[in-house]
Amino acid sequence: MTDDRFHRAVYVISVAAELAGVHPQTLRIYEQRGLLAPARTAGGSRRYSDADLALLERIAELTDEGLNLAGVQRVLELEQTVAELRAQLDDARRAHEHRMAELTAHGFNPGGLVPAVPTGRAVTIYRATRGPASVVEPVTRDG
């Protein structure tokens, strides 16, 4: 089902209540408590979408587990926050992977501290010896 169709408000309150297995007054109470926000027609009639019906199913699961409506509202808020944070984390991971791919393409070795060096090029690496930090000995590697 496409996202547009899932969120298209098409069901009147009586149909939505029947599909959700609740009384229409229950839907009004959920709306008053801020658990549900159905679309409204120009004349003010409520219209429910498949997304609203999925939310009603989640509310039913939580109330069946013993939560009151205040608890249900808090769980739904936390679930929304977790979903948003996961999306942000996924975006950050993709950006990081993209940046690492760019750096690797330009010779940076993300797995180590030393950049990759083309074969055949002489490189001098200085390694500290025991003793004062200012004393170093050169180590030369010829490719």
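Biologist: In what order do the elements of the chain run from the N terminus on?
Modeller: They run α-α-α-β-β-α-α-β-β. Helices (H or I, at least four residues) and strands (E, at least two) are DSSP runs, numbered from the N terminus.

Biologist: What should I know about the model itself?
Modeller: This is a predicted model: local features need pLDDT of at least 70, side-chain atom pairs need 80 or more, and totals for chains, interfaces and linings use all residues. Residues are numbered from 1 along each chain as its sequence is written, and side-chain values use heavy atoms, leaving out hydrogens and water.

Biologist: How much of the chain counts as buried?
Modeller: 15% of the 143 residues. Buried means under 20% relative accessible area, exposed over 50%, partly exposed in between (1.4 Å probe, protein chains only).

Biologist: Switching to D52. Where is D52 found?
Modeller: In helix 4, residues 50-64.

Biologist: Is D52 buried or exposed?
Modeller: D52 is buried, yet has no salt bridge. That term needs a side-chain nitrogen of Lys or Arg within 4 Å of a carboxyl oxygen of Asp or Glu.

Biologist: How far away is the nearest side chain of opposite charge?
Modeller: That is R46, 10 Å away. Lys and Arg count as positive and Asp and Glu as negative; His and the chain ends are not counted.

Biologist: Which residues does D52 touch, not counting those up to four places away in sequence?
Modeller: L36, A37, P38 and R47. Contact means heavy atoms within 4.5 Å.

Biologist: And what about V15?
Modeller: V15 lies in helix 2, residues 13-20. V15 is partly exposed, with a relative accessible area of 36%.
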